[in-house]
Amino acid sequence: MKLLDFSAALIDPQAIKDAGYSGVVLYMSDRRPGAEWMLAKPATREYCDRLRAAGLEIVSNYQFGKGETSDWYGGYDGGVHHAEIALRYHRAAGGPDQRPIYAPVDANPTLEQWNQFIAPFLRGWASVVGLEWTGMYGNFRCINWALEDGVATWFWQHNWSGGFANDDHPAAHLHQIEIDKRKVGGVGVDVNVALKPDYGQWSVAPAPLLERETITVTKPDYQELDRMGDSASSRHGARIENFLLHTQEGNGTAESLANYLNNPRNGVSYHYTVRDGVVVDVVDTDLASWSVLDANSSTINLCFAGSRAGWSRDEWMAIRDDLRIAAWLAVQDAQKYGYDPLVIAPPYERRSGISDHRYVTDCLGIGTHTDVGPNFPWDIFEADVCEFATGAPAGPPPNAINDVEAATPWLGARRTVGENATPDGIGRYAEFDNGHIYWHPATGAHAIPASLFGKYSELGWEQGPLGYPTTECTVLPQGEVQGFQGGALYGKDGDNRPPVWVHGAIRDRWHRSGSETGPFGWPLADEEELPGGEVRQRFEHGQIIWPGRRDTVALLDTEGPDTPVPDRD
């Protein structure tokens, strides 16, 4: 399979197909000064939609500077800066979150340049998009260094190797084999070959993150009223990460509660109030409501008027239609603002998605509220979210598990006849000699090797805090890692310890320090609670502590007192 990359101008999709190519690698970046002729930068939603309508694959790439102004000269902070731009353009173009974006190493750097600039640049990039989705455009030697340092997971190989091998690197997903030697549709192009079945193309991302707006689902029947007032603030550029549910702890209607919220002197507001099939818009979702203290700037908030956190499940189910309306609104806003249309139910895990006020208390360490309460029917609400996000509330798409089986020969013989349903009634799984494949409409199908499955089982399978797998298992130079909805499992080769669960604020801090190749090394054990509500996780060379608020504390083991390590964000 061959793909093109180009920057001078947009090429008609049919011309690409007629020339025998299967897809394109697009730039999710601005044009650098002096290169205003690069009319294909940045990729647009309109062009991406045309490419997909023609049946062409899309891969996301980024490059702004070049030569003496190469992006990687910015080190860690540069990686953060450029990744944020790349992710914004990627999402605006319709790209899914669970796909890699290839970061640029368009050079033949020295080892000194790698250590001083490029490895920190990639770590900064990974702090934004996640290590699981960090790609690198680089030569054969840089791929080796990236694997040794554990700073990238996906690789697009180029041949600027300065005498080093230009053969296909065994870890590469794509290989750029030809530069500026031909034109397609009158535009100069580079030619690439796909080396693996999954090379980062958008089309194999989990279903809810692709073409959500084209899925035909039935919108709930409700009356929407515009009662927007002044009880709001600017988001000051913050990205929306969560949609949150709240209870009123009173007996108001959607309109009477909205009237109360519209008085700024009361100091509280929500974006929506809902009751009995009536939705009142109280605050524009482009602005912050006054709902969750320091988390206001990054959240959208909905309150069920007349509800209470002490309700039983039966009382919640009595407003079943309102639950479905809330799920619909949450998914519509996910499409607009780019947070994940995934439900974060107790036990919570800090991530992008849909949850409630207690998530802010337990995961973000902000405030003390515990609504919507212990009896909220998360299973029913999640099924509604899945339906609206994917158009497929029950059962996997045909052959989803079979397709992973065919691409994963190390699983060995299949033990399950057909597929088994998970207890939530939504997911599916199948067992093999050397692992399992789990599927959920929000995450897709992914194989879990036997080496990690014991830990997955110990934590309660998909019903536990890990949830469903979101990535394939990645083999690292000294072990393996696999991503899940609730964090990641890390297993080190030759280590007698079981795999370790890393998640939340501690995982974020560890990633910012360089993950297993940074100063802390590999995780030794799961988190442990300390007196006073603090949480600690031990690593080979130190520990990271989350004190129940946003800031973590990281300490390296040394002779005498432990050494505090400054954060890198």
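Predicted model: local features only at pLDDT ≥ 70, side-chain atom pairs only at ≥ 80, totals over all residues.
User: Why is Cys142 called buried?
Analyst: Buried means under 20% relative accessible area, exposed means over 50%, and partly exposed lies in between (1.4 Å probe, protein chains only). Cys142 has 0% relative accessibility, and therefore counts as buried. Cys303 is also at 0%, so Cys303 counts as buried.

User: How many disulfides does the structure hold?
Analyst: A disulfide is a pair of cysteine sulfur atoms within 2.5 Å. The structure holds 0 disulfides.

User: What makes E11 and E12 a pair of strands?
Analyst: Strands (E, at least two residues) and helices (H or I, at least four) are DSSP runs, numbered from the N terminus. Two strands pair if DSSP finds at least two bridges between them. Strand E11 (residues 272–275) is joined to E12 by 4 bridges, and the two run antiparallel; they therefore meet the criterion for pairing. Thr273 has Val280 of E12 as its bridge partner. The two strands form a hairpin with 2 residues between them, and Asp276 in the turn has a positive phi of about 50°.

User: Which way does strand E9 run relative to E12?
Analyst: Strand E9 (residues 223–226) runs parallel to E12, joined by 4 bridges. Gln223 has Val278 in E12 as its bridge partner.

User: Which residues of E12 point one way, and which the other?
Analyst: Val278 and Val280 point one way from strand E12 (residues 278–281), Val279 and Asp281 point the other way, and all are buried. In a regular strand the side chains alternate between the two faces of the sheet.

User: What makes helix H13 mostly covered?
Analyst: Of the 9 residues in helix H13 (residues 504–512), 8 are buried. Among them are Ile506, Trp510 and His511. Just after H13, Gly514 takes a positive phi of about 115°.

User: Why are E19 and E22 called edge strands?
Analyst: The open sheet of 4 strands has the order E19-E20-E21-E22, with antiparallel pairing. Strand E19 (474–476) and strand E22 (500–502) are the edge strands, as each pairs on one side only.

Methods
Residues numbered from 1 in each chain as written. Heavy atoms only, no water.
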